[in-house]
Amino acid sequence: MRPRYRAVITGAGGGIGAAIARQLAPLSDSLILVGRRAAPLQLLRAELKVPVQLVCGDLAEPGTLAAVEAAARQSGGLNLLVNNAGVSEFHSFETQSPEAIRSMVDTNLLAPMLLTRQLLPLLRQAPSAQVVNVGSIFGLLGFPGFAAYGASKSGLKGFSQALRRELSDTAVEVRHFAPRATSTGINSAAVNAMNDELNTAQDSPEAVAAAFVAFLGGDAWQKTLGGKESFFVLLNKLVPALPDGAIRKQLQVIRKHLPR
Ligand SMILES: NC(=O)c1ccc[n+]([C@@H]2O[C@H](COP(=O)([O-])OP(=O)(O)OC[C@H]3O[C@@H](n4cnc5c(N)ncnc54)[C@H](OP(=O)(O)O)[C@@H]3O)[C@@H](O)[C@H]2O)c1
(Lines give C-alpha, C1' and ligand atoms only; values in the text may rest on other atoms or scores of the structure.)
Protein backbone atom coordinates (compact mmCIF):
# COMPACT_ATOMS: atom_id res chain seq x y z
CA MET A 1 0.00 0.00 0.00
CA ARG A 2 1.51 3.31 -1.13
CA PRO A 3 1.30 6.37 1.17
CA ARG A 4 -0.54 9.50 0.05
CA TYR A 5 1.63 11.43 -2.35
CA ARG A 6 3.43 14.72 -1.91
CA ALA A 7 4.48 15.10 -5.50
CA VAL A 8 6.39 17.25 -7.95
CA ILE A 9 5.12 16.87 -11.53
CA THR A 10 7.15 18.54 -14.28
CA GLY A 11 5.49 19.46 -17.56
CA ALA A 12 2.16 19.52 -15.71
CA GLY A 13 0.67 22.04 -18.13
CA GLY A 14 0.98 19.57 -21.02
CA GLY A 15 -1.22 16.72 -22.19
CA ILE A 16 0.13 13.80 -20.17
CA GLY A 17 1.34 15.88 -17.20
CA ALA A 18 -2.04 17.58 -16.68
CA ALA A 19 -3.87 14.24 -16.93
CA ILE A 20 -1.47 12.75 -14.37
CA ALA A 21 -1.99 15.75 -12.04
CA ARG A 22 -5.79 15.38 -12.27
CA GLN A 23 -5.70 11.65 -11.48
CA LEU A 24 -3.02 11.97 -8.81
CA ALA A 25 -4.70 14.84 -6.95
CA PRO A 26 -7.25 12.67 -5.05
CA LEU A 27 -4.37 10.43 -3.92
CA SER A 28 -2.18 13.34 -2.83
CA ASP A 29 -1.74 15.70 0.11
CA SER A 30 0.07 18.32 -1.99
CA LEU A 31 1.24 18.88 -5.55
CA ILE A 32 3.97 21.06 -7.03
CA LEU A 33 3.34 21.66 -10.73
CA VAL A 34 6.22 22.79 -12.94
CA GLY A 35 6.33 24.24 -16.46
CA ARG A 36 7.50 27.30 -18.37
CA ARG A 37 4.08 28.78 -19.16
CA ALA A 38 2.01 30.01 -16.21
CA ALA A 39 -1.43 30.01 -17.88
CA PRO A 40 -2.00 26.22 -18.26
CA LEU A 41 -0.65 25.60 -14.75
CA GLN A 42 -2.96 28.25 -13.26
CA LEU A 43 -6.00 26.79 -15.04
CA LEU A 44 -5.10 23.32 -13.79
CA ARG A 45 -4.60 24.51 -10.22
CA ALA A 46 -8.08 26.09 -10.27
CA GLU A 47 -9.71 22.71 -10.89
CA LEU A 48 -7.71 20.62 -8.38
CA LYS A 49 -9.02 20.11 -4.85
CA VAL A 50 -5.64 19.73 -3.17
CA PRO A 51 -2.99 22.26 -2.07
CA VAL A 52 -1.01 23.15 -5.22
CA GLN A 53 2.14 25.23 -5.65
CA LEU A 54 3.25 26.37 -9.09
CA VAL A 55 6.83 26.77 -10.26
CA CYS A 56 7.00 28.55 -13.62
CA GLY A 57 10.39 28.27 -15.23
CA ASP A 58 12.66 26.48 -17.63
CA LEU A 59 13.99 23.24 -16.14
CA ALA A 60 17.22 23.79 -18.07
CA GLU A 61 17.89 26.75 -15.73
CA PRO A 62 19.49 26.07 -12.32
CA GLY A 63 17.19 28.71 -10.78
CA THR A 64 14.12 26.63 -11.67
CA LEU A 65 15.58 23.55 -9.97
CA ALA A 66 16.27 25.62 -6.84
CA ALA A 67 12.72 27.03 -6.94
CA VAL A 68 11.25 23.49 -7.09
CA GLU A 69 13.36 22.48 -4.10
CA ALA A 70 12.26 25.58 -2.16
CA ALA A 71 8.59 24.82 -2.93
CA ALA A 72 9.04 21.21 -1.77
CA ARG A 73 10.67 22.35 1.50
CA GLN A 74 7.84 24.83 2.03
CA SER A 75 5.23 22.10 1.62
CA GLY A 76 7.00 19.94 4.22
CA GLY A 77 8.87 17.56 1.91
CA LEU A 78 7.98 15.19 -0.90
CA ASN A 79 7.77 11.50 -1.65
CA LEU A 80 7.21 11.51 -5.43
CA LEU A 81 9.07 13.19 -8.28
CA VAL A 82 7.55 12.75 -11.75
CA ASN A 83 10.06 13.83 -14.38
CA ASN A 84 7.54 14.25 -17.21
CA ALA A 85 8.47 17.52 -19.00
CA GLY A 86 9.79 16.89 -22.47
CA VAL A 87 10.27 18.31 -25.93
CA SER A 88 10.47 16.55 -29.28
CA GLU A 89 11.32 17.46 -32.83
CA PHE A 90 10.63 15.01 -35.67
CA HIS A 91 13.32 15.89 -38.21
CA SER A 92 15.91 14.48 -40.54
CA PHE A 93 18.98 14.23 -38.28
CA GLU A 94 21.38 15.40 -40.97
CA THR A 95 19.76 18.83 -41.14
CA GLN A 96 18.37 19.13 -37.61
CA SER A 97 19.64 22.29 -35.92
CA PRO A 98 22.23 21.92 -33.15
CA GLU A 99 19.92 24.08 -30.99
CA ALA A 100 17.04 21.61 -31.35
CA ILE A 101 19.33 18.66 -30.57
CA ARG A 102 20.72 20.45 -27.52
CA SER A 103 17.25 21.41 -26.33
CA MET A 104 16.05 17.78 -26.43
CA VAL A 105 19.09 16.51 -24.54
CA ASP A 106 18.91 19.38 -22.02
CA THR A 107 15.17 19.04 -21.36
CA ASN A 108 14.62 15.30 -21.69
CA LEU A 109 17.82 14.00 -20.10
CA LEU A 110 19.93 16.56 -18.28
CA ALA A 111 17.07 18.40 -16.56
CA PRO A 112 15.54 15.22 -15.02
CA MET A 113 19.00 14.12 -13.87
CA LEU A 114 19.78 17.47 -12.24
CA LEU A 115 16.31 17.86 -10.71
CA THR A 116 16.54 14.36 -9.26
CA ARG A 117 19.96 15.21 -7.80
CA GLN A 118 18.60 18.44 -6.34
CA LEU A 119 15.61 16.75 -4.70
CA LEU A 120 17.25 13.52 -3.53
CA PRO A 121 18.13 14.80 -0.04
CA LEU A 122 14.43 15.67 0.49
CA LEU A 123 13.18 12.43 -1.06
CA ARG A 124 15.51 10.50 1.26
CA GLN A 125 13.84 12.09 4.28
CA ALA A 126 10.50 10.45 3.41
CA PRO A 127 9.80 6.97 4.84
CA SER A 128 9.45 5.79 1.21
CA ALA A 129 9.73 7.74 -2.02
CA GLN A 130 9.71 7.36 -5.79
CA VAL A 131 11.31 9.07 -8.74
CA VAL A 132 9.45 8.21 -11.94
CA ASN A 133 11.06 9.18 -15.22
CA VAL A 134 8.73 9.44 -18.19
CA GLY A 135 10.58 8.03 -21.17
CA SER A 136 9.21 7.00 -24.54
CA ILE A 137 8.83 3.98 -26.76
CA PHE A 138 11.37 5.77 -29.01
CA GLY A 139 13.97 5.54 -26.23
CA LEU A 140 13.60 1.77 -26.35
CA LEU A 141 13.14 1.26 -30.08
CA GLY A 142 15.12 3.59 -32.34
CA PHE A 143 12.90 5.16 -34.99
CA PRO A 144 13.79 7.31 -38.04
CA GLY A 145 13.24 11.03 -37.56
CA PHE A 146 13.66 10.67 -33.80
CA ALA A 147 17.42 10.09 -33.51
CA ALA A 148 18.07 12.97 -31.11
CA TYR A 149 14.79 12.55 -29.19
CA GLY A 150 15.35 8.78 -28.97
CA ALA A 151 18.91 9.31 -27.76
CA SER A 152 17.71 11.63 -24.98
CA LYS A 153 15.01 9.17 -23.89
CA SER A 154 17.33 6.19 -24.15
CA GLY A 155 19.75 8.05 -21.90
CA LEU A 156 16.91 8.66 -19.44
CA LYS A 157 16.22 4.92 -19.33
CA GLY A 158 19.92 4.22 -18.65
CA PHE A 159 20.00 6.86 -15.93
CA SER A 160 16.88 5.39 -14.31
CA GLN A 161 18.28 1.87 -14.22
CA ALA A 162 21.71 2.84 -12.86
CA LEU A 163 20.30 5.18 -10.20
CA ARG A 164 17.71 2.59 -9.21
CA ARG A 165 20.53 0.17 -8.52
CA GLU A 166 22.62 2.83 -6.77
CA LEU A 167 19.72 3.60 -4.40
CA SER A 168 18.52 0.02 -4.00
CA ASP A 169 19.58 -0.04 -0.33
CA THR A 170 17.60 3.15 0.39
CA ALA A 171 13.86 3.89 0.57
CA VAL A 172 13.95 5.79 -2.75
CA GLU A 173 12.78 3.80 -5.77
CA VAL A 174 13.70 4.98 -9.25
CA ARG A 175 11.29 3.86 -11.98
CA HIS A 176 10.78 4.30 -15.70
CA PHE A 177 7.47 4.70 -17.53
CA ALA A 178 7.43 4.72 -21.34
CA PRO A 179 4.27 5.81 -23.19
CA ARG A 180 3.68 5.01 -26.86
CA ALA A 181 2.17 7.61 -29.25
CA THR A 182 -0.27 9.79 -27.31
CA SER A 183 -2.47 12.54 -28.68
CA THR A 184 -0.91 15.68 -27.18
CA GLY A 185 0.61 18.90 -28.42
CA ILE A 186 4.14 17.45 -28.45
CA ASN A 187 3.41 15.77 -31.78
CA SER A 188 3.64 18.03 -34.85
CA ALA A 189 1.20 17.85 -37.76
CA ALA A 190 3.86 15.85 -39.66
CA VAL A 191 4.05 13.26 -36.86
CA ASN A 192 0.27 12.97 -36.73
CA ALA A 193 0.05 12.56 -40.53
CA MET A 194 2.76 9.89 -40.46
CA ASN A 195 1.09 8.07 -37.58
CA ASP A 196 -2.22 8.09 -39.48
CA GLU A 197 -0.62 6.68 -42.60
CA LEU A 198 1.29 4.02 -40.64
CA ASN A 199 -1.82 3.16 -38.60
CA THR A 200 0.13 3.79 -35.40
CA ALA A 201 -1.99 3.23 -32.29
CA GLN A 202 -2.46 6.40 -30.20
CA ASP A 203 -3.48 6.66 -26.57
CA SER A 204 -5.38 9.50 -24.94
CA PRO A 205 -3.53 11.40 -22.18
CA GLU A 206 -6.23 10.21 -19.75
CA ALA A 207 -5.53 6.54 -20.59
CA VAL A 208 -1.79 7.15 -20.16
CA ALA A 209 -2.40 8.84 -16.80
CA ALA A 210 -4.58 5.93 -15.62
CA ALA A 211 -1.81 3.48 -16.57
CA PHE A 212 0.68 5.75 -14.81
CA VAL A 213 -1.30 5.82 -11.55
CA ALA A 214 -1.68 2.02 -11.67
CA PHE A 215 2.08 1.72 -12.28
CA LEU A 216 2.79 3.98 -9.28
CA GLY A 217 0.81 1.67 -7.04
CA GLY A 218 2.56 -1.47 -8.31
CA ASP A 219 6.01 -2.99 -7.91
CA ALA A 220 7.43 -3.17 -11.47
CA TRP A 221 10.40 -0.87 -11.97
CA GLN A 222 9.46 -0.10 -15.56
CA LYS A 223 6.44 -0.10 -17.83
CA THR A 224 6.07 0.24 -21.59
CA LEU A 225 2.55 1.00 -22.79
CA GLY A 226 0.99 -1.12 -25.54
CA GLY A 227 1.15 -4.90 -26.00
CA LYS A 228 2.45 -4.73 -29.57
CA GLU A 229 4.98 -2.03 -28.69
CA SER A 230 6.26 -4.02 -25.67
CA PHE A 231 6.68 -7.05 -27.91
CA PHE A 232 8.68 -5.00 -30.44
CA VAL A 233 10.90 -3.66 -27.65
CA LEU A 234 11.64 -7.22 -26.58
CA LEU A 235 12.28 -8.27 -30.16
CA ASN A 236 14.56 -5.26 -30.60
CA LYS A 237 16.67 -6.50 -27.68
CA LEU A 238 16.78 -10.14 -28.75
CA VAL A 239 16.76 -10.01 -32.57
CA PRO A 240 17.27 -6.37 -33.66
CA ALA A 241 17.45 -7.40 -37.35
CA LEU A 242 13.68 -8.06 -37.28
CA PRO A 243 12.61 -4.50 -36.28
CA ASP A 244 15.38 -3.21 -38.62
CA GLY A 245 13.61 -4.92 -41.51
CA ALA A 246 10.09 -3.91 -40.45
CA ILE A 247 11.06 -0.23 -40.01
CA ARG A 248 13.06 -0.25 -43.28
CA LYS A 249 9.79 -1.20 -45.03
CA GLN A 250 8.13 1.89 -43.50
CA LEU A 251 10.97 4.23 -44.45
CA GLN A 252 9.40 5.54 -47.64
CA VAL A 253 6.27 6.65 -45.78
CA ILE A 254 8.35 8.08 -42.93
CA ARG A 255 10.51 10.07 -45.39
CA LYS A 256 7.40 11.48 -47.04
CA HIS A 257 6.48 13.21 -43.75
CA LEU A 258 9.99 13.84 -42.39
CA PRO A 259 10.89 17.56 -42.31
CA ARG A 260 14.24 18.22 -43.95
N1 LIG B 1 2.72 12.45 -26.65
C2 LIG B 1 3.44 11.42 -27.04
O3 LIG B 1 3.25 10.87 -28.15
C4 LIG B 1 4.50 10.86 -26.12
C5 LIG B 1 4.94 9.56 -26.35
C6 LIG B 1 5.94 9.05 -25.52
C7 LIG B 1 6.48 9.82 -24.51
N8 LIG B 1 6.02 11.10 -24.32
C9 LIG B 1 6.64 11.88 -23.24
O10 LIG B 1 5.63 12.27 -22.32
C11 LIG B 1 6.03 13.47 -21.66
C12 LIG B 1 4.89 14.46 -21.68
O13 LIG B 1 4.69 14.86 -23.02
P14 LIG B 1 3.26 15.32 -23.61
O15 LIG B 1 2.93 14.38 -24.67
O16 LIG B 1 2.30 15.56 -22.51
O17 LIG B 1 3.72 16.68 -24.32
P18 LIG B 1 3.23 18.18 -24.08
O19 LIG B 1 1.76 18.26 -24.09
O20 LIG B 1 3.99 19.01 -25.07
O21 LIG B 1 3.76 18.48 -22.61
C22 LIG B 1 5.11 18.66 -22.32
C23 LIG B 1 5.22 19.65 -21.17
O24 LIG B 1 6.59 19.83 -20.81
C25 LIG B 1 6.78 21.20 -20.49
N26 LIG B 1 8.17 21.57 -20.80
C27 LIG B 1 8.82 21.39 -21.97
N28 LIG B 1 10.06 21.87 -21.87
C29 LIG B 1 10.21 22.36 -20.62
C30 LIG B 1 11.26 23.00 -19.93
N31 LIG B 1 12.44 23.23 -20.51
N32 LIG B 1 11.05 23.39 -18.66
C33 LIG B 1 9.86 23.17 -18.05
N34 LIG B 1 8.82 22.56 -18.65
C35 LIG B 1 8.99 22.18 -19.92
C36 LIG B 1 5.81 21.96 -21.41
O37 LIG B 1 5.29 23.12 -20.79
P38 LIG B 1 5.84 24.56 -21.16
O39 LIG B 1 5.92 24.64 -22.65
O40 LIG B 1 4.88 25.51 -20.55
O41 LIG B 1 7.17 24.60 -20.51
C42 LIG B 1 4.64 20.99 -21.54
O43 LIG B 1 3.62 21.31 -20.63
C44 LIG B 1 7.30 13.96 -22.39
O45 LIG B 1 8.44 13.61 -21.64
C46 LIG B 1 7.25 13.19 -23.69
O47 LIG B 1 8.54 13.02 -24.25
C48 LIG B 1 5.04 11.63 -25.09
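## Salt bridges in the model

A salt bridge is counted here when a side-chain nitrogen of Lys or Arg lies within 4 Å of a carboxyl oxygen of Asp or Glu. Glu197 and Lys256 form such a pair, with their closest N and O atoms 2.8 Å apart. The pair links distant parts of the chain, since Glu197 belongs to helix H6 and Lys256 to helix H9 (residues 241-257), 59 residues apart. Glu197 is partly exposed at 37% relative accessibility, whereas Lys256 is exposed, with a relative accessible area of 56%.

The model is predicted.

## Asp29 and Arg4

A salt bridge joins the side chains of Asp29 and Arg4, at 2.8 Å from N to O. This pair also links distant parts of the chain: Asp29 sits in strand E2 (residues 28-35) and Arg4 in the segment before strand E1 (5-10), 25 residues apart. Asp29 is partly exposed, at 40% relative accessibility. Arg4 counts as partly exposed too, with a relative accessible area of 43%.

The side chains of Arg180 and Glu229 meet in a salt bridge of 3.2 Å, N to O. Arg180 lies in the loop between strand E6 (172-178) and helix H6 (189-198), while Glu229 lies in helix H8 (residues 227-238), so the bridge links distant parts of the chain, 49 residues apart. Glu229 is buried because its relative accessible area is 14%, and buried means under 20%.

Salt bridges with shared partners join Arg180, Asp203 and Glu229 into one network.

How values were computed. Residues are numbered from 1 along each chain as its sequence is written. This is a predicted model: local features need pLDDT of at least 70, side-chain atom pairs count only at pLDDT 80 or more; totals for chains, interfaces and linings use all residues. Side-chain values use heavy atoms; hydrogens and water are left out. Helices (H or I, at least four residues) and strands (E, at least two) are DSSP runs, numbered from the N terminus. Buried means under 20% relative accessible area, exposed over 50%, partly exposed in between (1.4 Å probe, protein chains only).
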